[in-house]
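Student: I would like to go through this structure term by term. Please set each value against its definition.

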Amino acid sequence: DKDSSAELQEAIGSMFAWYRRSSLTVVYLSDVPDTCSLANSEWFRRGWTLQELLAPQTVLFYTQNWSLYKNLTSSNHKTDIAVLEELEMATGIESRFLTHFSPGMDDARSRLQWASLRRTTRPEDVAYSLFGIFNLHLPVLYGEPAEKALGRLLAEIISQSGDISVLDW
C-alpha cells in the first residue's frame, strides 16, 4: 500500500532480503530480441534492478519471446562464464560481486559507481534503491528532494564506514 508510509518503509527495507531468499529470480528482458545482447536492455539502467541483480543467488534471463537468453540450458545465468562476462560489460560490476555479493559497506565507492548510471522514476528512489545494497535502514520520506535523500544516504555510509573517499567518484 503506497499510501501507507509504514508499509512502504517496510517494503523498501525488506526488498533486498526478499530477493536474497528467493530460490530463483526470473528477469524478463522485454526489449531484448533473441539475437541481441542483454547489455542493450533498459533493465540495466533502472535503479531498483541493481538489487534484483545482486541479491539473488540464482538468476535466469529471458528474452522478448520468453526464450532463455541465448538458449542457454544453465540453471543459473550468474554461474555461466559467457553471461557473467556480458554482465560485467553491461554493468561495470566485477563477476565476483555478481556471484557472491554481500550487502554492507565494503567497496562502498564501487557500489555507488555501479548505481551512478542508473535512473529511477521518482528522484528520491536513487537513494532508496540502495538501502539494501548497503544494508542500511533509513527513513523513507517520499517528496523529499533527491539531493537530500542522497545526502542522508552518503552521510550514513560515511558514518558507518569511516571512509570519506566514497564521495570521490
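Tutor: Start with buried area: the accessible area (1.4 Å probe) that two parts lose on being put together, summed over both. This is a predicted model: local features need pLDDT of at least 70, side-chain atom pairs count only at pLDDT 80 or more, and totals for chains, interfaces and linings use all residues. Residues are numbered from 1 along each chain as its sequence is written, and side-chain values use heavy atoms, without hydrogens or water.

Student: What makes domain 1 and domain 2 the two parts here?

Tutor: An automatic or database domain assignment sets the bounds. Domain 1 covers 5–99 and domain 2 covers 108–167. Their C-alpha centres lie 21 Å apart.

Student: How much area do domain 1 and domain 2 bury between them?

Tutor: About 1,600 Å², with 64% of it on carbon and sulfur atoms. In domain 1, Gln9, Trp48 and Leu50 lose the most area to domain 2, together 32% of what that side buries.

Student: How do you know which residues are in contact between domain 1 and domain 2?

Tutor: Contact means heavy atoms within 4.5 Å. By that rule, 19 residues of domain 1 touch 18 residues of domain 2.

Student: Why is the pair of Phe44 and Phe61 called tilted?

Tutor: Rings of Phe, Tyr and Trp (its six-membered ring) pair if their centres lie within 6.5 Å; planes under 30 degrees apart count as stacked, over 60 as edge-to-face and the rest as tilted. Phe44 and Phe61 are 6.2 Å centre to centre with 35° between the planes, so the pair is tilted. The structure holds 11 aromatic pairs.

Student: What makes phi of Trp66 and Lys70 worth a remark?

Tutor: Most residues other than glycine have a negative phi. Phi of Trp66 is positive, near 60°. Lys70 is not a glycine either, and its phi is about 55°.
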